[in-house]
Amino acid sequence: MMSRSFQIFNSFNILFMCLLGLAMFLPFLNVIAQSFSSSEAVTSGKVTFWPVDVTTINYRYVFSDASIWRAFAVSVFITVAGTLINLVATATLAYPVSREEYVGRKLIMLMVLITMIFSAPLIPNFLLMKNLHLMNTPWAMILPGAISAFNFFVMHSFFKQLPAEVIDSARIDGCGEVRILMKMVVPLSKPVMASLGIFYAVGHWNAYMNALYYIDQPKWWPLQVLLKKMFETDDLSIDPGASQFSELAFTSPEGIKMATIVIATLPIILLYPFLQKHFVKGLTLGAVKS
């Protein structure tokens, strides 16, 4: 049986975690409430955690804005293409480095570790993107971070725990290294792939700084940069002459911003439940030993 002191500690721990969860959830609940509230309620500060004068005009405004849909499509492309490139690049580097028989693996690990400790300054990165003709393209937000050093070490640790006998038997059967990786190693590594896929996807979806540095054409702005521009200038791209939007456009853009924030956050929230069962398992298995 649990001692009384442990029960008290456990109760305080549960209470603290609940309060911490509320502190994280309530601001987002306020954003949702404002996105469904009328312009007058938002500007007058009447909205807290429940919509006032419930309306969907903010979302209808957002769904009618071509610039938001374009930015949404750019973010989706960056997230999907970037995550696939990240996982392929990380796996193809982590797999050979995790096998004892490959020469030079310690040197490669040292080089990756150096990039984890020391990062290149902004100006050299900017000149590199310019010389590679990646400016004003979505690839400028994907290729520079193709491999994360932290995620590489997590995947390397996971691959290192795979039984060497399985790899050796595949080689005896005539499988090449690429086929071993794709047909055997990757299927056995679904937990760590799912975990790192979430990390990479969230990073790409929230891409902001690289887009500011390397993208100056509005057609290639991701959703996060468009949100920044909206908050900076209050410039709403829909023609306010439309009767159903005119009052909202001229009185308060806050509801539009909140609706855009909800739409920008929702895809990642919806993605997590499908990968949750692999998330903790992938991180713990990849962190047992290095």
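Predicted model: local features only at pLDDT ≥ 70, side-chain atom pairs only at ≥ 80, totals over all residues.

User: Let's begin with Gln34. Is Gln34 buried or exposed?
Analyst: Gln34 is buried, with a relative accessible area of 14%. Buried means under 20% relative accessible area, exposed over 50%, and partly exposed in between, with a 1.4 Å probe and protein chains only.

User: Where is Gln34?
Analyst: In helix 1, residues 4–35. Helices here are DSSP runs of H or I with at least four residues, strands are runs of E with at least two, and both are numbered from the N terminus.

User: What does the side chain of Gln34 make a polar contact with?
Analyst: The side chain of Asn30, at 2.7 Å. A polar contact is a pair of N or O atoms within 3.5 Å; within protein, one must be able to donate a hydrogen and the other to accept it, and residues adjacent in sequence count only if both atoms are side-chain atoms.

User: And which residues is Gln34 in contact with, beyond its neighbours within four places in sequence?
Analyst: Val42, Val47, Asn58, Gly255 and Met258. Contact means heavy atoms within 4.5 Å.

User: Zooming out, how many helices and strands does the protein chain have?
Analyst: It has 14 helices and 0 strands. Of the 290 residues in the protein chain, 38% are buried. Take contacts between residues at least 6 apart in sequence: 73% of them join residues at least 24 apart.

User: Which residues have the most contacts inside the largest nonpolar core?
Analyst: Val62, Leu223 and Leu226, in a core of 26 residues. A nonpolar core is a set of buried Ala, Val, Leu, Ile, Met, Phe, Trp, Tyr and Cys residues joined through side-chain atoms within 4.5 Å.

User: Which elements give two or more residues to this core?
Analyst: Helix 3 (57–63), helix 4 (66–98), helix 12 (223–233) and helix 14 (254–285). Helix 14 supplies the largest share, 6 residues.

User: What does Leu223 touch?
Analyst: Not counting residues up to four places away, Leu223 touches Ile68, Ala71, Phe72, Ser75, Trp205, Thr260 and Ala264. There is also a second, separate core of 24 residues, including Phe153 and Met155.

User: Now helix 5. Which residues are buried there?
Analyst: Arg105, Met109 and Val112. They cover an arc of only 65° around the axis, which puts them on the same side of helix 5. The arc is that of the directions from the helix axis to the C-beta atoms.

User: Why would residues spaced like that point the same way?
Analyst: An α-helix has 3.6 residues a turn, so residues three or four places apart point the same way.

User: What do the buried residues of helix 5 pack against?
Analyst: Helix 4 and helix 7 (149–160). The face turned away from the buried side of helix 5 carries the exposed residues Lys106, Leu107 and Ile117.

User: Switching to His204. Where is that?
Analyst: His204 is in helix 10, residues 190–205. His204 is buried, at 8% relative accessible area. Its side chain makes a polar contact with the side chain of Asn86, at 2.5 Å. Among the residues His204 touches are Ile78, Gly82 and Met141.

User: Last topic: the loop between helix 6 and helix 7. What is the phi of Asn136 there?
Analyst: Asn136 has a positive phi of about 60°, although it is not a glycine. His133 lies in the loop between helix 6 (122–131) and helix 7, and its phi is near 60°.

User: Buried or exposed, those two?
Analyst: His133 counts as exposed, at 68% relative accessibility. Asn136 counts as buried, at 17%.

Terms used
Residues numbered from 1 in each chain as written. Heavy atoms only, no water.
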